[in-house]
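Subject: Structure for your review

Dear colleague,

Please find below the structure that I am handing over to you. My notes on one part of the fold follow it.

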Amino acid sequence: MAPADFPRLDFRSDTRTVPDARMRAATAAAEVGDDVYGDDPTVALLEERVAALLGTEAALLTPTGTMANLLAPLAASGPPGSPAPRLIAGADTHMAFLEAEGLRRFGGMELLPVEQRPDGLPDLDALAALLSTAADAPTVVCLENTSMMRSGNALDAAATRAVAALAHRYGAHFHLDGARLANAAVALGVPLAELAEPADSVTFSVSKGLGAPVGGLLCGSRDHVARARELRGRLGGSLHQAGVVAAPALVALDRLPELAADHETAAALASGLASVPGVELMRPARPTNMVMARIAGLTPGECADRLAGHGVRVLPLPNGYVRFVTHRAHDMIGVREAVRALAAVAATVSVARLTTDGDRPGPGLSLTSMEEA
Ligand SMILES: *Cc1c(COP(=O)(O)O)cnc(C)c1O
């Protein structure tokens, strides 16, 4: 049996990438100031480079992607005392699972979840229906790309523009949660800026597959980012010598094209898992670095526990699947090992259990199982 927590066999998330020697050296050599006073040159360089990559006027370093997602709707809100915007987000998104509660508490915002199509795009009729009720209420519409619960499906610029056009028709602010937008850009073979262009604000992350230890960035207009910078301080997210985390993030930006290798690993994993009897995969149209699988008769929690018994770590999800995310620590040896482990688990599922309903999400799948998303 393989040892537990062996990085090659840990497929829970691409957040589990660790800073390598070059990133650590960059931290050691980083020129720093005090970013709260606006004079940390390494942070300034990172913000400039990310804004240029995404084609926005400005960018703001945040400790996490979560904080960038909190700041975008807060910064899109009116001055203190004005009505809180409605928050419209896909029901199966990071915003709905992990930011909506914070936005309710800190911003008084109510989440209006919208059903998503299999590709992750919000159902446009349902979105239009939500927007047209109380059409003049301030509103923030959110879109996620890649789509976390749709097996990392990448949405193209046309899909993004369709949501943007609808949001803008009703005067809403359109926020793109692009924590994995780099994966989408690489999978689609388009510049990041093309996918970001329709949005009023974009969350970007350097600590997923790009491998930096820390860092989200909120990108948008100069005004939006200036408001977010002020609010970041209010939320306690302004870091003084943040150059030490901006430096490895700059290294991460050089590695955008390398995400293609993670996608190849995921494709190899998907084709291996597809050959296992009793295993069903979610099949995204534009796959990136995720594979979602289920075994009829096992809840995601049971499946994850049994895989862990073979040294393979996956994340059980509330949508009935377990999630494999591939990243730079993975290789074909790990892929073969993971396929073998899932085959062994599937083989133990009895015929009797195969007759139970595998569609039901298992118990114990709550926000906790999403915390590492
Ligand atoms: C990971 C992720 C976030 C949050 O980023 P953290 O840095 O982990 O807080 C937000 N949205 C999506 C789609 C993500 O995948």
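Across which strands does helix H12 lie? Helix H12, formed by residues 300–309, lies across E9, E10 and E11, and runs at about 50 degrees to E11. Please bear in mind that this is a predicted model.

The sheet in question is open and has four strands in the order E8-E9-E11-E10, with antiparallel pairing. Its edge strands are E8 (279–281) and E10 (315–316), each of which pairs on one side only. Three bridges join E8 to strand E9 (residues 290–295) in the antiparallel sense.

I turn next to the partner helix of H12. The axes of H12 and helix H13 (residues 332–348) come within 9 Å and cross at roughly 120 degrees, which means that H12 is oblique to H13. The crossing in which H12 passes H13 is right-handed.

Which residues of H12 meet H13? On the H12 side they are Cys303, Arg306 and Leu307, and they meet Ala341, Leu342, Val345 and Thr348 in H13.

With kind regards

Conventions:
Residues numbered from 1 in each chain as written. Predicted model: local features only at pLDDT ≥ 70, side-chain atom pairs only at ≥ 80, totals over all residues. Heavy atoms only, no water. Pairing = 2+ DSSP bridges. Helix = DSSP H or I, 4+ residues; strand = E, 2+ residues; numbered from the N terminus. Contact = heavy atoms within 4.5 Å. Axes fitted to C-alpha atoms, helices over the stretch in contact; angles between N-to-C directions. Parallel < 35°, antiparallel > 145°, perpendicular 65-115°, else oblique. Left-handed = near helix turned anticlockwise from the far one by under 90°.
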